[in-house]
Amino acid sequence: MAVIIACEIAFWVFVILGLLARYVLRLRRTGTVLLAMTPVVDVVLLIAVIINVQGGGTATFFHGLAALYLGLSIAYGLKIIRWADTRFAHRFAQGPAPVKLYAAGYAKECWKDVVRTAVAVAIAASILGLLIAITDDTNRTEALIGMYPVLGIWFVIDLLWAISYTFWPKKHPKTTM
């Protein structure tokens, strides 16, 4: 569990340090290297979880959470980094203000997120399947099997979100004069 939490923290530490190096310290290459370390954190997490279950450990909710986190990080990682990069550039480097999406533009982005979520769910489900196969003991993998419905619920919620904004688009805020 500690490794899972440490990897989640490390992801954000590398993102923040990368952005600080890039925009505050003006060390663009250093910032890029630090941002590029985020996938390394994912690999470390996957290896740690595999070693734990292969070594006889009983899979817990946190092992399942690691699979979910890995799927999320791989599918959404670049979007998260771009989101943070845009805001840092605006705040510290006179970059353009982040663009807020409305109406069809927002709905289109929601549908892109449905695809990202489908990829994240597929990755997480594959990792869960790998961990279950490696462990080969249903008594030690009950927590992992219990994560499959969570993945389904996550996907359905994201799908419903996109459908709702397709039929009831997010409106531009009314301007007051």
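**Figure 1. The whole chain, end to end.** Reading along the sequence of this predicted model, you get the pattern α-α-α-α-α-α-α. That is seven helices and zero strands. Of the 177 residues in the chain, 34% are buried. Take the contacts with a separation of 6 or more: 74% of them join residues 24 or more positions apart.

Figure 2. The mean pLDDT for the chain is 91, and 98% of the residues reach at least 70. Among the elements, α7 comes out highest with a mean of 97. At the other end sits α1 (residues 2-24), which has the lowest mean, 88.

**Figure 3. Where α4 meets α7.** Here helix α4 (residues 61-92) packs on helix α7 (residues 147-167), at an angle of about 35° and with the axes 10 Å apart. The crossing is right-handed. On the α4 side, the contact is made by F61, G64, L65, L68, L72 and Y76. Facing them from α7 are M147, V150, L151, W154 and D158. Sort these contact residues by type and you find nine nonpolar, one polar and one charged.

Figure 4. Zoom in on helix α2 (residues 28-36), and the buried residues are G31, L34 and L35. Looking down the axis of α2, these buried residues fall within an arc of 100°, so they line one face of the helix. What do they pack against? The partners are α1, α3 (38-54) and α4. Over on the other side of α2, R29 and V33 are exposed.

**Figure 5. G55, out in a loop.** G55 belongs to the loop between α3 and α4. Is G55 buried or exposed? Its relative accessibility is 67%, so G55 counts as exposed, the cut-off for that being over 50%. Also in view is T135, which lies 80 residues away from G55 along the chain, yet the two C-alpha atoms are separated by 8.9 Å.

Figure 6. Now centre on T135, a residue of helix α5 (residues 103-135). With a relative accessible area of 7%, T135 is buried, since that label applies under 20%. Which residues does T135 touch, leaving aside those up to four places away in sequence? They are V53, R140 and T141.

**Figure 7. T135 with two reference points, G55 and H90.** For G55, 80 residues apart from T135 along the chain, the distance is 8.9 Å. For H90, the sequence gap to T135 is 45 residues, and the distance in space is 47 Å. As a reminder of the setting, G55 sits in the α3-α4 loop and T135 in α5.

Key: Residues are numbered from 1 along each chain as its sequence is written. This is a predicted model: local features need pLDDT of at least 70, side-chain atom pairs count only at pLDDT 80 or more; totals for chains, interfaces and linings use all residues. Side-chain values use heavy atoms; hydrogens and water are left out. Axes are lines fitted to C-alpha atoms, for helices over the stretch in contact, and angles run from 0 to 180 degrees between N-to-C directions. Helices (H or I, at least four residues) and strands (E, at least two) are DSSP runs, numbered from the N terminus. A crossing is left-handed if the near helix is turned anticlockwise from the far one by less than a right angle, and right-handed if clockwise. Contact means heavy atoms within 4.5 Å. Ala, Val, Leu, Ile, Met, Phe, Trp, Tyr, Cys and Pro count as nonpolar, Asp, Glu, Lys and Arg as charged, and the others, Gly among them, as polar. pLDDT is the predictor's confidence in each residue, from 0 to 100. Buried means under 20% relative accessible area, exposed over 50%, partly exposed in between (1.4 Å probe, protein chains only). The arc is that of the directions from the helix axis to the C-beta atoms.
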